Amino acid sequence: MSKGSSGLSEQSYFVLAALLHGPLHGHAIIKKVVGLSEGRITLPVGTLYGALDRLAANGVIMIEREEIVNGRKRRYFRITEEGDRLVRAEAQRMQQAAAVVMGRPSLGATFA
Amino acid sequence: MTTLERRYRWLLRAYPKGYRADHGDEFVDVLLDSAKPAQALPAPREAFALIVGGIRTRIVAAAQGPAWTDGLHNGIVALAVLNLAVLIPYAGSIRLWLALSAAALVLILRGHVRPALPVAGIVAVKMTAITMGSPWLDAMLLPVFPDAWWAGPPLYGHGGPIAPLASNVLLVGGLLVLAARRDGPRARSWWWLAAVPLLAGSDPAWLDIAAGSPTAMARVCLEVVLLLGAALAGHLTADSRWAIAASVYLVPAIAVLYENIESIEHLTRQDIAHTTLLVVLVLAAAVVPFRARRRILL
C-alpha cells in the first residue's frame with residue numbers, strides 16, 4: 001500500500017475523497033471509490049471498515065448517523081474539518097509531485 | 001439466511017465478539033450488496049480482507065490499559081508456559097510439581113496474580129533446588145530422569161542454575177509487581193495452553209538448538225512467529241506492550257548464553273544464531289512502535 005508524506009494510504013485517500021461529496025454508508029463508499037478511481041480501486045469490505053475505524057479513531061471522519069435498513073444497522077460516515085484539510089493537503093502534495101514530471105518533456109519529445 | 005450469508009458470518013468470527021455484535025450485521029449487509037446474483041461462495045479477496053481485518057481489529061482491541069503492566073503480564077504468561085512445558089517429560093516423577101506448575105499457569109493466564117503468587121513461588125523454589133541438586137521441600141530422587149517414552153537428559157541435567165533461576169525470579173518478581181497493583185491484569189486467551197504440548201520437552205536452560213530436535217525446532221518456530229507478531233502488533237498500534245512482553249521472555253534466553261559463555265566449546269553457531277535472532281526480533285518489536293508513533297498510518 002503506497003503512502004504519502006501524511007501517512008495517508010491510497011485507499012484512505014480515496015475514502016476521504018469519496019466523503020468530500022457528503023456523508024455515505026459503507027456500500028456507497030465502495031461504489032464511490034470505484035467511480036473516483038476509474039475502477040482501479042475496489043475496496044474489500046474488511047479493508048474498508050479497517051480504514052474507516054482508523055480514520056475515525058484519528059478524528060479524520062466521524063459517524064454522522066445510524067439507520068436501520070432491512071433490520072440491519074447502517075452507519076453513515078462524514079469527513080471532519082481535519083479530514084478535509086488532510087485530504088486537500090495530500091492532493092496538493094501529489095499535484096506538486098506530479099508537476100515535477102508532467103512539466104518536463106518526455107524522452108520521446110527530447111529525441112524527436 | 002442464505003448459504004453465502006452463513007459463510008460470511010463464519011468468516012466474521014475473525015473479529016472480536018463485541019465488535020462482531022456491533023458491526024457484524026452491517027458488514028454482512030455490505031458484503032451481500034457487493035455479491036453477484038446466485039453467488040454462494042465468499043469472494044477470495046473479501047475472505048482474505050475479513051481475516052486480515054479481524055486479526056488487525058483483535059490486535060488493536062488488545063492494546064487496552066497500561067502498556068507496561070499488560071506487557072509484563074504477557075511476558076510472565078510466556079515464561080509460565082515454557083516452565084510447565086519443560087516439566088512434561090518428567091511427569092511420572094514430579095506429578096505434584098507438574099500439577100502446581102499447571103495451576104500457576106492457569107491462575108496467571110486468567111489474571112489471578114495474587115493466588116498465583118504462592119503457587120508459582122513454591123514451584124520456583126523447588127525448580128531452583130533441582131538445578132542445584134538439592135531435594136528441598138519434598139523427598140525426591142535426583143537427578144530426575146524423563147519418563148520411559150521420552151528420550152533426553154535428566155531435568156536441568158545439562159543447564160542451570162542461572163537461566164532457570166532468572167526465569168523464575170522474573171516470573172515471581174513480576175507477579176509481585178502485578179499483585180501490588182489495585183487493578184489486576186486481564187484474563188488472557190486459553191489458546192496460550194496450546195503452546196504447552198508444542199514446547200513439551202524443551203530445555204530452555206541448555207543450548208539444545210544445535211541438536212536440531214523436533215522440540216527445539218518447534219520452540220524456535222513458535223518464538224519467531226510470536227516475536228514477529230509482537231513487532232506487527234507494535235506497528236499497528238504504536239504500543240510498546242508487546243515489546244515489553246518480548247523483552248521479559250528474552251532475559252532467560254540471554255542468561256543461558258551468559259551461563260554457558262565460559263564453556264565456549266559447547267556454544268555452536270546455531271546457538272549463537274538463535275540468541276541473535278531473538279535479540280534482533282525483540283529489538284525490532286521495541287523500535288517499531290516508536291517509528292509508528294512518529295507517523296500515524298491511516
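At what angle do the axes of helix H7 of chain B and helix H10 of chain B cross?

## A helix pair in chain B

In this predicted model, the axes of helix H7 (residues 162-179) of chain B and helix H10 (residues 241-260) of chain B cross at roughly 155 degrees and come within 8 Å. Since angles over 145 degrees count as roughly antiparallel, H7(B) and H10(B) are therefore roughly antiparallel to each other, and their crossing is right-handed.

On the H7(B) side, the residues that take part are Ile162(B), Ala163(B), Ala166(B), Ser167(B), Leu170(B) and Gly174(B), and these meet Val248(B), Val251(B), Pro252(B), Ala255(B), Val256(B), Tyr258(B) and Glu259(B) of H10(B).

## The nonpolar cores

The largest nonpolar core has 58 residues, and those with the most contacts inside it are Ala80(B), Ile108(B), Ala120(B) and Ala246(B). The elements of chain B that give two or more residues to this core are helix H4 (67-87), helix H5 (95-109), helix H6 (113-131), H7, helix H9 (214-237), H10 and helix H11 (269-294). The most comes from H4(B), which gives twelve residues. When neighbours within four places in sequence are left aside, Ala80(B) is in contact with Ala104(B), Leu105(B), Ile108(B) and Leu171(B).

A second, separate core is made up of 33 residues, among them Val15(A), Leu43(A), Val60(A) and Ile79(A).

## Ala230 of chain B

Ala230(B) lies in helix H9 of chain B and is buried, with 28 other C-beta atoms within 10 Å. Apart from its neighbours within four places in sequence, Ala230(B) is in contact with Trp242(B), Ala243(B), Ala245(B), Ala246(B) and Ala285(B). Ala246(B), one of these contacts, is also among the residues with the most contacts inside the largest nonpolar core. Between Ala230(B) and Leu155(B), by contrast, there are 30 Å in space, C-alpha to C-alpha, and the two residues are 75 residues apart in sequence.

## Helix H1 of chain A

Helix H1 (residues 10-19) of chain A is largely enclosed by the rest of the structure, because eight of its ten residues are buried. The buried residues of H1(A) are Gln11(A), Ser12(A), Tyr13(A), Phe14(A), Val15(A), Leu16(A), Ala18(A) and Leu19(A); of these, Val15(A) is also included in the second core.

The cover over the buried residues of H1(A) includes both strands and helices of chain A, namely strand S1 (24-25), helix H2 (26-36), helix H3 (45-57), strand S2 (61-69), strand S3 (72-79) and helix H4 (81-102).

Terms used: Residues numbered from 1 in each chain as written. Chains lettered and ligands numbered in written order. Predicted model: local features only at pLDDT ≥ 70, side-chain atom pairs only at ≥ 80, totals over all residues. Axes fitted to C-alpha atoms, helices over the stretch in contact; angles between N-to-C directions. Helix = DSSP H or I, 4+ residues; strand = E, 2+ residues; numbered from the N terminus. Parallel < 35°, antiparallel > 145°, perpendicular 65-115°, else oblique. Left-handed = near helix turned anticlockwise from the far one by under 90°. Contact = placed C-beta atoms within 7 Å. Core = buried A, V, L, I, M, F, W, Y, C linked by C-beta atoms within 7 Å. Buried ≥ 20, exposed ≤ 12 C-beta atoms within 10 Å, placed from the backbone.
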